[in-house]
Amino acid sequence: DFAHIERIYRTWAPNYDPPPDVIEDIKATLRVPGATASTLGYYWAIARADPEETRAAATKQVLMPALVIVGTGDGPIRMERFEKARSAFVNKYRLVALGGVGHFPHLEAPEQTAEAIVDFLGPPPPQ
């Protein structure tokens, strides 16, 4: 019955309590035939990645500007990973760490997330 969904939210975002209808919507989505495999396919691909390809990808430079918004309380991903990745970005790179926020900044701190995005993009060009 996808009971682990509640555990994921408790572990990944301990200060966020999603409404029950949101959890039920997630579970309903995962019950759709093929949805679970599609959702987990991303993670399975990482786990099955060819170590040689992974090493080669890690040496490439990223040309696009990047904004990383991360919660300091993120359960599965540690801040050090984003700091370590900084050198791969040759253009604008900004890391915004939101205190007291977990894995889902857009849900846990939507105003701060929106402010970080608007600030990163800058003011609109004059018309």
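The legends below accompany close-up views of a predicted model, taken one region at a time.

View 1. For comparison, most residues other than glycine have a negative phi. Ala3 also has its place in the segment before α1, and it counts as partly exposed because its relative accessible area is 41%, a value between the 20% under which a residue is buried and the 50% over which it is exposed. Ala3 and Ile23 are 20 residues apart in sequence, while in space their C-alpha atoms are 9.7 Å apart.

View 2. Seven residues make up the largest nonpolar core, namely Ile5, Tyr9, Ala13, Tyr16, Ile23, Leu30 and Phe104. Helix α1 and helix α2 (20-31) each supply at least two residues of this core. Apart from it lies another core, which has six residues, including Ala66, Val68, Phe82 and Leu95. Returning to Ala13, and not counting residues up to four places away in sequence, this residue touches Ile8, Gly102, His103, Phe104 and Glu108.

View 3. Strand β1, formed by residues 66-71, pairs in the parallel sense with strand β2, formed by residues 93-98, and the pairing runs over six bridges. Within this pairing, Val70 stands opposite Ala97 in β2, and Gly71 has Leu98 of β2 as its bridge partner. Together with helix α5 (residues 79-85), the strands β1 and β2 make a right-handed β-α-β unit. As a guide to viewing strands, in a regular strand the side chains alternate between the two faces of the sheet.

**View 4. The largest pocket and its lining.** The largest pocket has a volume of about 990 Å³, and of the 23 residues that line it, the closest to its centre are Tyr42, Ile46, Arg81, Phe82 and Ala85. At least two residues of the lining are supplied by each of α3 (35-47), α4 (51-58), β1 and α5, and the largest share, four residues, comes from α5.

**View 5. Pro76 in the loop between β1 and α5.** Pro76 lies in the loop that connects β1 and α5, and this residue is partly exposed because its relative accessible area is 37%. Leaving aside neighbours within four places in sequence, Pro76 is in contact with Trp12 and His103. Although Pro76 and Gly102 are 26 residues apart along the chain, their C-alpha atoms are separated by 9.2 Å. His103 is also among the residues that Ala13 touches.

**View 6. Asp50 in the loop between α3 and α4.** Asp50 has its place in the loop between α3 and α4, and at 36% relative accessibility it counts as partly exposed. Asp50 and Thr113 are 63 residues apart in sequence, and the C-alpha to C-alpha separation in space is 34 Å.

Methods:
Residues are numbered from 1 along each chain as its sequence is written. This is a predicted model: local features need pLDDT of at least 70, side-chain atom pairs count only at pLDDT 80 or more; totals for chains, interfaces and linings use all residues. Side-chain values use heavy atoms; hydrogens and water are left out. A nonpolar core is a set of buried Ala, Val, Leu, Ile, Met, Phe, Trp, Tyr and Cys residues joined through side-chain atoms within 4.5 Å. Buried means under 20% relative accessible area, exposed over 50%, partly exposed in between (1.4 Å probe, protein chains only). Contact means heavy atoms within 4.5 Å. Two strands pair if DSSP finds at least two bridges between them. A crossover is right-handed if, with the strands pointing away from the viewer, the path from the first strand over the helix to the second runs clockwise. On a 1 Å grid over the protein atoms alone, a cavity is a set of points where a 1.4 Å probe fits but cannot get out, and a pocket is an open set with protein on both sides within 12 Å along at least five of seven lines; lining residues have an atom within 4 Å of a point. Grid points are joined across faces, edges and corners, and a volume is the space filled by probe spheres set on the points.
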